[in-house]
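Visitor: I am new to this structure. Please take me through it by question and answer.

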Amino acid sequence: MLNIVEIRKDFPLLEQKVHNFPLVYMDNGATTQKPRIVIETIKQLYSQQNSSIHRGVHFLSEQITDIFENARNTVKEFLNAGESHEIIFTSGATGSINTIAYSFGEKHIGPEDEIIVSEMEHHANIVPWQMLCERKRAKLIILPIDDNGELQIDRLENLFSRKTKILALTHVSNTLGTINPVKKIIEIAHTHNVPVLIDGAQAIQHGTVDVRDLDCDFYVFSGHKVYGPNGIGILYGKEKWLEELPPYQGGGDMIKSVTFKKTTYNDIPFKFEAGTINYIGAIGLSKALEYLNRLGKQDIEDYETKLLKYGTEKLNEIEGLRIYGNAENKICIFSFLLEGIHQYDAGMVLDKMGIAVRTGTHCAQPVMDRFGIQGTIRASLAFYNTKSEIDRLVQGLLKVKEMFH
Amino acid sequence: MSLDEIQNEIIEEFEVFTDWMDKYYYLIELSKNLPAISPNFKTNEYLIEGCQSKVWLHAELEGDKIKFSADSDAIITKGIIALLIRVMADHKPEDIMNADLYFIDRIGLKENLSPTRSNGLLAMVKQMKLYALAYHAKQNK
């Protein structure tokens with residue numbers, strides 16, 4: 001069992017007041033707050049241990065290279081990957097997807113080839129593939145969702161053709177909260193010899209991810225959404241893919257030798273880590289993951305499920321409120337609208353009551369189109385949120401209703 | 001009244017509000033009193049699309065002054081539109097072009113005109129000035 005009162009003390013930002021109200025932070029789908037251990041680690045690194053990795057012969061460089069490579073190992077273990085060289089540090093989930101869209105695309109995508117994505121993707125898992133399709137004259141094939149915000153899995157089989165080259169799918173919808181049955185989908189894709197990239201940006205912080213159990217070919221996530229620093233992300237790739245694919249960006253550290261005639265690339269993971277990687281961010285991220293390990297991933301999941309149940313009940317009691325995304329299996333995200341009230345108006349008033357939510361399309365316009373709406377109010381919760389904060393949200397929404405009716 | 005005199009008047013009106021909610025209640029009131037835009041102009045042609053809310057804006061010259069009519073799908077945005085129109089409308093193109101809208105900051109609504117907010121309001125102000133520029137050019141032909 002998590003002791004939330006104690007846990008909240010680990011997050012200094014949550015202690016503040018906003019517009020004279022104790023802050024209720026429910027925009028965790030956009031970014032999560034950082035535990036003290038992450039903040040202090042970054043401070044400690046910059047004040048005592050900073051030096052460039054992989055280059056120096058000197059004490060500090062060697063020391064930070066060790067810490068950095070240990071961070072890679074922490075990520076490997078967190079994902080239960082087989083090898084630490086299957087873990088690539090990138091700038092974020094977006095950076096990771098762009099890496100694969102480029103590297104995989106250059107090698108394996110040609111005219112008329114097909115790439116499958118779902119209707120519930122974040123723009124970050126649509127646009128890089130669209131850009132690839134434009135470069136290679138390939139086609140994007142869409143797996144649709146139903147009214148509950150669940151994938152129409154029964155239609156998946158028919159989407160595969162001999163031209164299908166890769167499937168890119170979100171593990172959890174950032175808008176609807178749906179947890180997709182990715183293991184099953186990966187299995188289906190593999191029967192067609194199609195590799196799968198899973199966007200774990202909204203999944204990694206809410207439960208256990210085991211890339212070997214999932215058997216995904218690529219798995220990506222962002223550090224800042226999992227209580228780590230901004231500007232760091234992860235690309236997990238199966239060794240065979242990372243060995244085979246060409247690098248994305250060229251630069252220092254990703255090479256073995258450079259002459260003006262020919263350059264030979266470094267081994268993985270360094271082949272995909274051009275330039276000076278955000279090593280401070282990487283180490284900060286590893287501290288965040290260790291923190292989650294200490295709390296216990298199962299306990300986090302159990303507690304958030306309770307919040308989801310409580311919040312769903314309370315929100316459904318509000319007359320005229322409609323929740324978008326009622327999947328059987330979902331994370332603690334509430335995307336909703338109040339009848340006759342613009343989401344932006346609601347968000348503005350909630351803000352003035354110290355409640356931070358996001359309003360708009362949440363970088364998932366196709367989802368909005370699917371439901372025929374312009375946007376939603378999204379309250380995305382984390383394990384440091386409480387039932388009494390959900391009560392504050394409900395009170396806030398009742399106030400919104402009173403004001404705009 | 002000059003454009004700046006109207007701005008000062010609004011600043012004074014807002015001084016009585018000590019609470020955010022009072023300001024918002026006032027904006028809601030203003031939104032209700034904003035004269036409706038003609039359906040002919042509530043079309044895509046006159047739409048300024050923000051990420052958060054939509055704004056429709058139309059302008060025409062009457063005599064030597066510009067009339068504006070506008071609307072939004074969000075109420076708070078519409079309330080701010082009412083303020084912007086109160087300040088900007090019925091002035092000469094030249095005055096509108098050169099208007100320095102300091103009142104927004106002074107009444108604490110600056111965030112609503114920030115480029116990152118993307119509610120259509122900043123684009124609306126730009127559009128108002130563009131209309132003024134166009135009419136000004138026409139007048140001086």
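Guide: One term is needed before the questions: the radius of gyration is taken here over C-alpha atoms, and the globule rule is 2.2 Å times the number of residues to the power 0.38. The model is predicted.

Visitor: What radius of gyration does chain A have?

Guide: Chain A has 405 residues, and a compact globule of that length would have a radius of gyration near 22 Å. The value for chain A agrees with this rule. It is 22 Å.

Visitor: What percentage of the residues in chain A are buried?

Guide: A residue is buried if 20 or more other C-beta atoms lie within 10 Å of its own. Applied to the 405 residues of chain A, this gives a buried share of 47%.

Visitor: Which strands stand at the edges of the sheet in chain B?

Guide: The sheet is open, with three strands in the order β1-β2-β3 and antiparallel pairing. Two strands of chain B have a single partner strand each, so one side of each is left without a neighbour in the sheet. They are β1 (47-49) and β3 (65-72).

Visitor: Which residue in β2(B) is the bridge partner of B:Ile48?

Guide: β1(B) and β2 (residues 54-62) of chain B run antiparallel and are joined by three bridges. In β2(B), the partner of B:Ile48 is B:Val55.

Visitor: Which helix packs on the sheet, touching β1, β2 and β3 of chain B?

Guide: Helix α3 (residues 75-88) of chain B lies across β2 and β3. The helix that touches β1, β2 and β3 makes about 20 degrees with the direction of β2(B). That helix, residues 121-139 of chain B, is α6.

Technical notes. Residues are numbered from 1 along each chain as its sequence is written. Chains are lettered from A and ligands numbered from 1 in the order in which they are written. This is a predicted model: local features need pLDDT of at least 70, side-chain atom pairs count only at pLDDT 80 or more; totals for chains, interfaces and linings use all residues. A residue is buried if 20 or more other C-beta atoms lie within 10 Å of its own, exposed if 12 or fewer, and partly exposed in between; C-beta atoms are placed from the backbone. Two strands pair if DSSP finds at least two bridges between them. Helices (H or I, at least four residues) and strands (E, at least two) are DSSP runs, numbered from the N terminus. Two residues are in contact if their C-beta atoms, placed from the backbone, lie within 7 Å. Axes are lines fitted to C-alpha atoms, for helices over the stretch in contact, and angles run from 0 to 180 degrees between N-to-C directions.
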